[in-house]
Each structure stands twice: as structure tokens, then as C-alpha cells.
Amino acid sequence: HWTRRATCRASRRSYAAGAVTEARAVLENELDTIRAAGTWKAERIITSRQGAQINVDGSRGAILNFCANNYLGLSSHPEVVQAGIEAMKLYGAGLSSVRFICGTQDIHKNLEQKLAQFHEREDCILYASCFDANAGLFEVLLGPDDAVLSDELNHASIIDGIRLCRAKRLRYKHMDLGDLENKLRESQSSRMRLVVTDGVFSMDGDVAPLQGICDLAEQYGAMVFIDECHATGFLGPRGRGTDELLGVMDRVHIVNSTLGKALGGAAGGYTVGPKPLIDLLRQRSRPYLFSNSLPPPVVGCATRAVELLLASSEIAQSMTAKTMRFRNKMTQAGFTIAGSAHPICPVMLGDARLASLMADDMLKLGVYVIGFSYPVVPKGKARIRVQISAAHSDEDIDRCVDAFIQTGRKHGVIS
């Protein structure tokens, strides 16, 4: 009896070991495919704080950083850092809880109030990330009798969030108002309709045509949602975002954005909008209900960043000249730069392997940039995405352009 049981256990273990070996082979084959395609994404190791200049493992001296989302240079701003230190001392490292159980501190409510004030909306709810904010919104707001109309190039987190809801899903061509109107006509029988778009599209740096979107939404009785991760803090006269830039703050109903880019660069996301929606999200949004509260140091840093922007728009206004300096100099040198007038400046190259090789050569010249390729961007659309920060000096920008010219000539991208 014992011998038979031991034999059965050995057989099951052998079968399981075979399954693991087979799975490992499948995974290794998939990894080999990625390497062969030239789309392998290596992670460089930074050994300093985030900033216009950083230290990178394996490189000597300070490296100019042109690929962080640190748009306003606040990631290492002394007041922002100090606010995080003070919050940790007063409130601890973390809450060990979700918000509704034992995880809501007065600093969370204070930050939510300031973000609602910043965006001029009724209320705000914090999340661990904007990915979570996008994952938690649509299934709460929309049901099977509703419809969601989404730009085909919206961020992956929007796509995943929409997949979770039971509404009718319609994709319209990228920034194509004619196609959006066709989809609005097609969905007229729906109870509620929500037009969903990035305010700024992160891979291309192009700005959604919000005035036209709002016109169509009002004509057909729909609501408008925008993801403002690459706009909050620096687009618009006061840095409020794409809706302020295009004069439609009172016509966009729901805004999701992040604390992890311009607003301190740590972590966290949020939704601002009508108070009944925010109240409902607190009751039913799964990423909110089942994720730990934002840690006090993160809340402290973000709160100080928002306070700085509420007090002055000077940092945000400095971005325009720096952005156009880079774009103009690169265009004059012969490069193709996608988007327009946004600090996301994609240097279009097409070939994934070329983008990776050029990025490696740029690092040797003291400039940190990254090549983007499939599946982050469509096949054949590989690029090096440069991001301008308020922390960059004119000399930094000129050095980056010079490195691109040298590298571009080496690889035959420009003559």
C-alpha cells in the first residue's frame, strides 16, 4: 500500500516537472523571438536621484537625462523632497490597509481637495496609479445599456479598463472627428455614452482635438473623459492641462491623471469629476477598494508639488520655449519629429533595431534616451522618444541635439 502511494506521488511529481520544463521552453522561445526582433527592452540602472543629470551604472560621470516624465523638474525639488520626509516622520511609511478599513489619513483628504481645486472639479479620489484609476472607472460608470467611444490609440490602461466594463465598445480612428460622429450616430440608442481620449497621446506627443470632441458630445448628448497624465501641471496658461489649453475645462466631465509624472514623480493617480461619480467610485471601484492607501511620503511630495503649481504658473510657462528649441533644432538638422509643441518629442526612425542602437550610442555620448518599439508602439513606428523638462538648460538641449546629429550621421539617418 505504502509502496503504491509513493510510486503515485513520484509519478505526479515527474509529470509536474515535465509540465514546468515544457512551460520554460515556451517562455524561452518567446524571449528569443523578442531578442531576434530587436525589441528587447533592457533596463539601465540609475544610481542617483532623478533629474536633468543622472548617474547611470556602467557610465562615467553625469549623464544628461532626456527620457523621464519629470516635466517640471519636481522629482528632486528640495521642497517636494522635504515634504515627503516630513510626512514620513509624522505619518509613517505606510498604512498597511485600504482606504475604507483603516487607511484614510487627513493628508489623503487634503491632497484630494487640492487636486479637485487644481482641476476646478467637484471632487477627487486617489488611486495607487493612474493605471488603477483607468481600470476602476469604466465598469463602475457604464453598464450594458451604455456605450463607450474610444480613440484607437488610447493608452493601454484605458483599453484594459474599458475591457472590464459591460458597455457597448466602439473605437474611432485616431483624432478623427468624422469617424467619432459616425460612432455617436451608431450608438444613439444607448442610455449613456462616454467619449474617451488621451488629452495628450504619450507615444506621439499629439494633442486631442477637444474642442471638436466636446462639440460633438454636446450635439449627441454624450459625456467626455480625458486621461491627462502627459498634460497635468504644464499644458495651458496655468498648467491645468489639455482642457485648459483648448478652453474646454467646463465641457470635459471626467479627468484621470497621475502624480507620477509632473506632480512630483513618485506614484499615484486620481479621478476628478462630479461628486456623485466620486462617491460611487469610493463604494464600488475595485482598484480603490482592494489596494493599499498611498504611502504618506508619496502624499506629502505630491501635495507640495500641487501647492507650488497653485501658487505660480512660472515653471509650467517655461516649458514652451525649451520644447520649441529642441524641436526646431532637430527639424533643421533633418530629423522627423512627431507631434507638435509638446515636450514629448518622438524622433521617428521606423526600425526597432536602429532605435535601440542609436539610443546605446547616445548614452556613450553622455545622453540618456530610450528606443521605443513594438508592442509599445505599432510595428514600423519605432522611435526614440525625447522628453523635455523644465530642469533642462538651453545648453543641455543643445548638447542633446549635437549628440543626435553625430549619432544620426553615423547610422545614415541624416546626411
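Author: Ala, Val, Leu, Ile, Met, Phe, Trp, Tyr, Cys and Pro count as nonpolar, and Asp, Glu, Lys and Arg as charged. The others, Gly among them, count as polar. The model here is predicted.

Reader: Which residues line the largest cavity?

Author: Among them are Arg-99, His-108, Tyr-127, Pro-287 and Ser-291. Strand E3 (123–127) and helix H11 (286–289) each supply at least two lining residues. By class, the lining has 6 nonpolar, 4 polar and 1 charged.

Reader: How does the lining of the second largest cavity divide by class?

Author: Into 4 nonpolar and 7 polar, with no charged residues. Gln-50, Phe-66, Cys-67 and His-392 are among the lining residues.

Reader: Now the sheet. What is the order of the strands in the open sheet of 3?

Author: Read across: E10-E13-E12, with antiparallel pairing. The edge strands are E10 (344–350) and E12 (371–372), as each pairs on one side only. E12 and E13 (residues 382–387) pair over 2 bridges. Find Gly-371: it stands opposite Ile-384 in E13.

Reader: Which strands does helix H15 touch?

Author: Helix H15 (residues 352–364) packs on the sheet and touches E10, E12 and E13. Its direction makes about 40 degrees with that of E13.

Reader: What does the UniProt annotation cover?

Author: The unreviewed entry gives "domain: Aminotransferase class I/classII large" for residues 63–404. That span is 44% helix and 16% strand. Its end C-alpha atoms lie 15 Å apart.

Methods. Residues are numbered from 1 along each chain as its sequence is written. This is a predicted model: local features need pLDDT of at least 70, side-chain atom pairs count only at pLDDT 80 or more; totals for chains, interfaces and linings use all residues. Side-chain values use heavy atoms; hydrogens and water are left out. UniProt positions are given in the numbering used here, feature names are shortened, and annotations may be inferred rather than shown by experiment. Helices (H or I, at least four residues) and strands (E, at least two) are DSSP runs, numbered from the N terminus. Two strands pair if DSSP finds at least two bridges between them. Contact means heavy atoms within 4.5 Å. Axes are lines fitted to C-alpha atoms, for helices over the stretch in contact, and angles run from 0 to 180 degrees between N-to-C directions. On a 1 Å grid over the protein atoms alone, a cavity is a set of points where a 1.4 Å probe fits but cannot get out, and a pocket is an open set with protein on both sides within 12 Å along at least five of seven lines; lining residues have an atom within 4 Å of a point.
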